[in-house]
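Hi everyone, thanks for coming along. Today I'd like to walk you through one protein, step by step. Have a look at it first, and then we'll go through it together.

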Amino acid sequence: MTEHWFSYLPLSRWWLDVIDILLVAFLLYRVMLLLRGTRAVQMAAGLAVIIVVYFAAKALELYTLHWLLGTVLSSLFLLIIIVFQDDIRRVLTQMGQTPFLKTRVKTFQAMEEVAKAASTLAETKTGALMVLEREIGLGDYLESGVPVDGRVTRELLCTIFHPGTPLHDGAVIIRDGRLAGAGCVLPLTTNPDVSKRLGTRHRAAIGVTEHTDAVAVVVSEETGSISVAIAGKITRGIDSGTLRRILHNTFSLEEEERPWWKRRLI
Ligand SMILES: Nc1ncnc2c1ncn2[C@@H]1O[C@H](COP(=O)(O)OP(=O)(O)OP(=O)(O)O)[C@@H](O)[C@H]1O
């Protein structure tokens with residue numbers, strides 16, 4: 001009988017099975033969190049259709065279709081790697097380089113800079129829309145804009161939103177404390193309860209927070225007022241100190257309330 005090395009560990013086979021299942025469940029959970037709000041969801045739906053048609057073609061003896069879909073499915077692993085090469089590279093780089101604490105520090109620094117930028121932009125009545133990503137990926141919206149990957153600073157944010165510059169239209173997205181992209185297009189809210197007087201910038205801020213758990217900060221070009229949207233609700237006319245408090249509360253509460261196994265690892 002083959003002796004496995006783990007038979008020397010003080011663990012029974014039953015315990016190893018439990019650990020095995022828990023590890024796989026944890027990995028699947030993390031992958032699902034990463035994929036929420038990205039193209040992967042649509043791709044999974046498309047894949048499900050191909051699989052159903054593949055089996056239907058087999059049952060109905062449509063040999064050519066069955067062979068064709070079989071060929072597509074056999075190169076699936078390769079296809080997934082090609083389609084998601086950017087996301088895979090990002091995740092692997094983050095796993096290697098950004099420990100949990102470092103990400104948190106960067107996120108807190110970014111929040112400070114967002115609050116400072118909001119204050120400056122409000123003084124000059126410069127319209128701005130800044131979105132801070134949380135658990136749900138904003139990959140789809142990032143794709144609609146221009147990748148930046150820069151350190152979040154008041155100066156950079158004010159430059160981006162300066163009227164007339166190529167990236168001033170649309171939203172900036174902040175991911176893990178880095179300015180990931182600018183000029184991003186967000187979904188507008190369709191909530192009939194939202195005031196008709198709110199324009200598209202504010203509607204986009206509400207919209208993105210309805211679809212995801214992100215936090216959106218808006219500076220109105222018309223009035224210079226600062227607003228923050230969370231979970232589809234917008235709080236208007238706040239000062240930068242209140243904005244800073246709301247951001248800090250949202251992100252620190254998130255960490256304190258979240259059980260360790262749900263905390264961001266990457
Ligand atoms: N879907 C969208 N995603 C991201 N940004 C958007 C979107 N729609 C509009 N914007 C931004 O909002 C700007 C237009 O703002 P608009 O005046 O319609 O809204 P508002 O809420 O009244 O804002 P303000 O008070 O600043 O005038 C656009 O130039 C663009 O930068």
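Predicted model: local features only at pLDDT ≥ 70, side-chain atom pairs only at ≥ 80, totals over all residues.

Residues are numbered from 1 along each chain as its sequence is written, and side-chain values use heavy atoms, with hydrogens and water left out.

So, how many helices and strands does the protein have? There are 10 helices and seven strands. Here helices (H or I, at least four residues) and strands (E, at least two) are DSSP runs, numbered from the N terminus.

Of the 266 residues, 39% count as buried. Buried means under 20% relative accessible area, exposed means over 50%, and partly exposed lies in between, using a 1.4 Å probe and protein chains only. The accessible surface of the protein comes to about 15,800 Å², and 65% of that belongs to carbon and sulfur atoms. Those areas come from the Shrake-Rupley method with a 1.4 Å probe, and for residues only the protein chains shown count as cover.

Now contacts, meaning heavy atoms within 4.5 Å. Take those between residues at least 6 apart in sequence: 62% of them join residues at least 24 apart.

Let's move to the ligand. Which residues are closest to the ligand? The closest are D169, T200, H202, S220 and E221, and 16 residues surround the ligand in total. A residue counts as near if one of its heavy atoms lies within 4 Å. That shell divides into seven nonpolar, five polar and four charged residues. In this scheme Ala, Val, Leu, Ile, Met, Phe, Trp, Tyr, Cys and Pro are nonpolar, Asp, Glu, Lys and Arg are charged, and the others, Gly among them, are polar.

For polar contacts, we look for a pair of N or O atoms within 3.5 Å; within protein, one must be able to donate a hydrogen and the other to accept it, and residues adjacent in sequence count only if both atoms are side-chain atoms. A backbone N or O atom of L186 lies 2.8 Å from a nitrogen atom of the ligand. A polar backbone atom of G199 is 3.3 Å from an oxygen atom of the ligand. From the side chain of H202, an N or O atom sits 2.6 Å from a ligand oxygen atom. The protein covers 76% of the 640 Å² of accessible area that the ligand has on its own.

The largest share of the shell, four residues, comes from helix α9, so let's look at that helix. Helix α9 has 12 residues (200-211), and at 1.5 Å a residue it should span 16 Å; its end C-alpha atoms are 16 Å apart, which agrees. The expected span is 1.5 Å times one less than the number of residues. H202 is among the buried residues of α9, along with R203, A204, A205, I206, G207, V208 and T209. The buried residues of α9 pack against β1 (128-132), α7 (139-143), β5 (215-219), β6 (226-230) and β7 (233-238).

Next stop, A182, in strand β4 (residues 178-184). Is A182 buried or exposed? At 0% relative accessibility, A182 counts as buried. Leaving out residues up to four places away in sequence, A182 touches G145, V146, V148, I160, L167, A171 and V172. A182 and L142 are 40 residues apart in sequence, yet their C-alpha atoms are 7.7 Å apart.

L121, in helix α6, is buried too, with a relative accessible area of 2%. L121 and V219 are 98 residues apart in sequence, but 6.9 Å apart from C-alpha to C-alpha.

Finally, two backbone angles. Most residues other than glycine have a negative phi. D149, in strand β2 (residues 146-151), has a positive phi of about 50° although it is not a glycine. D149 is exposed, with a relative accessible area of 53%. A231, in the loop between β6 and β7, also has a positive phi, near 50°. A231 is exposed as well, at 58% relative accessible area.
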